[in-house]
Amino acid sequence: TGKRTPPPSIYDKVVDLTEYAKRQPWWNRLFGKNSGPLAEKYSVATQIAIGGVSGWCAGYLFQKVGKVAATAVGGGLLLLQVANNSGYIQVDWKRVEKDVNKAKKQLKKGTDQAGPELNTFVEKSKEFVKKNIVVTSGFIGGFLLGLAS
């Protein structure tokens, strides 16, 4: 008895759509040559568009969340002050100061321990920005536009 070869699978006949699209002329006009490092995969216009749109979305969300957070914190502090002045609550300011100092010490200790990891993150961030300066520029511009809108 000889070995039988399995019948061809349906997956052998499926066309890889991404490879097919990359061979089309419109793909290269729209996205540029798709080879080399990430920054070279897309045309400059595409990189700026991607960075700008993502930056605008991030800036717009940051603005909205920032307003809500500022309103909540400011309103909470205002209510506490009004309640304190009206006599509804008593704030132990010495205890608040002690707790703030304790939190500062813990934060400083945590920052000292996270030094090597933070330096690695900063170096990786710098490297990313250098390699993708066009996308980063678009993102920053879009972020500022998002904050303004």
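1. The model is predicted: local features need pLDDT of at least 70, side-chain atom pairs count only at pLDDT 80 or more, and totals for chains, interfaces and linings use all residues. Residues are numbered from 1 along each chain as its sequence is written, and side-chain values use heavy atoms, with hydrogens and water left out.

2. Start with H4, which covers residues 44-86. Helices here are DSSP runs of H or I, at least four residues, numbered from the N terminus. H4 has 43 residues and spans 61 Å from first C-alpha to last. That is close to the expected 63 Å (1.5 Å times one less than the number of residues). Just after H4, Gly87 has a positive phi of about 90 degrees.

3. Is Gln63 buried or exposed? Gln63 is buried, because its relative accessible area is 13% (buried is under 20%, exposed over 50%, partly exposed in between, with a 1.4 Å probe and protein chains only). Other buried residues of H4 include Gly55 and Gly59.

4. What does Gln63 touch? Leaving out residues up to four places away in sequence, Gln63 touches Gly146, Leu147 and Ser149 (contact means heavy atoms within 4.5 Å). A polar atom of the Gln63 side chain lies 3.3 Å from the backbone oxygen of Leu147.

5. Now the helix pair. H4 packs with H7 (residues 133-148) at an angle of about 35 degrees, and their axes are 6 Å apart. Axes are lines fitted to C-alpha atoms over the stretch in contact, and angles run from 0 to 180 degrees between N-to-C directions.

How values were computed: Helices (H or I, at least four residues) and strands (E, at least two) are DSSP runs, numbered from the N terminus. A polar contact is a pair of N or O atoms within 3.5 Å; within protein, one must be able to donate a hydrogen and the other to accept it, and residues adjacent in sequence count only if both atoms are side-chain atoms.
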